[in-house]
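Here is a short note to read beside the model. Take the points in order and find each residue as you go.

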Amino acid sequence: MDDFCNQWESLWQQVPQLPSKTGERRSKSRMHLSEVMTIAIAFHGSGYKTFKEFYTLHVLQSWRGAFPNLVSYTRFVELMPWCLIAIAFLEVRSLKQ
């Protein structure tokens, strides 16, 4: 996942992005894109019915060693759209192979 995300972020920086709004604040996340993607993908195979239950009961309690920079559930939900395009691209790429 790290290798894919490094390639993705390099490509993403080369492509012109939509202009930001005046006064828009862009804070950098403590979590890396690959960490957000890994947790989002892991949820789908977890057996939990809701992402909130998975994140608060499993990720925050059991995976802190693997993800030392975990953020709160609310912050993680804010980060999820950040990885949506990358996950879609990863899926398309895997279908082509």
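1. Start with the source. This is a predicted model. Keep that in mind for every value below.

2. Look at Y73. Its relative accessible area is 24%. Is Y73 buried, partly exposed or exposed? Buried ends under 20% and exposed begins over 50%, so Y73, at 24%, is partly exposed.

3. Now find Y55. Its relative accessible area is 0%. That is under the 20% cut-off, so Y55 counts as buried.

4. Next, the rings in the whole structure. How many aromatic pairs does a search find? The search finds 11 aromatic pairs. One of them is F51 with F76. The ring centres are 5.5 Å apart, and the planes make an angle of 20°. Stacked needs planes under 30 degrees apart, so this pair is stacked.

5. Y55 is in helix α3, and Y73 is in helix α4. The pair therefore ties together parts that are 18 residues apart in sequence.

6. Step back to the cluster. Ring pairs link F43, Y48, F51, F54, Y55, W63, F67, Y73 and F76. The four residues F51, F76, Y55 and Y73 are among them.

7. Turn to charge. The count comes to 1 salt bridge. Which side chains meet in a salt bridge? They are R75 and E78, at 3.2 Å from N to O. Both residues lie in helix α4. They are 3 residues apart, about one turn of the helix. R75 has 24% relative accessibility, so R75 counts as partly exposed.

8. Finish with S34. This residue lies in helix α2, residues 33-44. Its relative accessibility is 4%, so S34 counts as buried. The side chain of S34 makes a polar contact of 3.0 Å with the side chain of H32.

Technical notes. Residues numbered from 1 in each chain as written. Predicted model: local features only at pLDDT ≥ 70, side-chain atom pairs only at ≥ 80, totals over all residues. Heavy atoms only, no water. Phe/Tyr/Trp six-rings, centres within 6.5 Å; stacked < 30°, edge-to-face > 60°. Helix = DSSP H or I, 4+ residues; strand = E, 2+ residues; numbered from the N terminus. Buried < 20%, exposed > 50% of the residue type's maximum accessible area, 1.4 Å probe, protein only. Salt bridge = Lys/Arg side-chain N within 4 Å of Asp/Glu carboxyl O. Polar contact = N/O pair within 3.5 Å; in protein donor to acceptor, adjacent residues only side chain to side chain.
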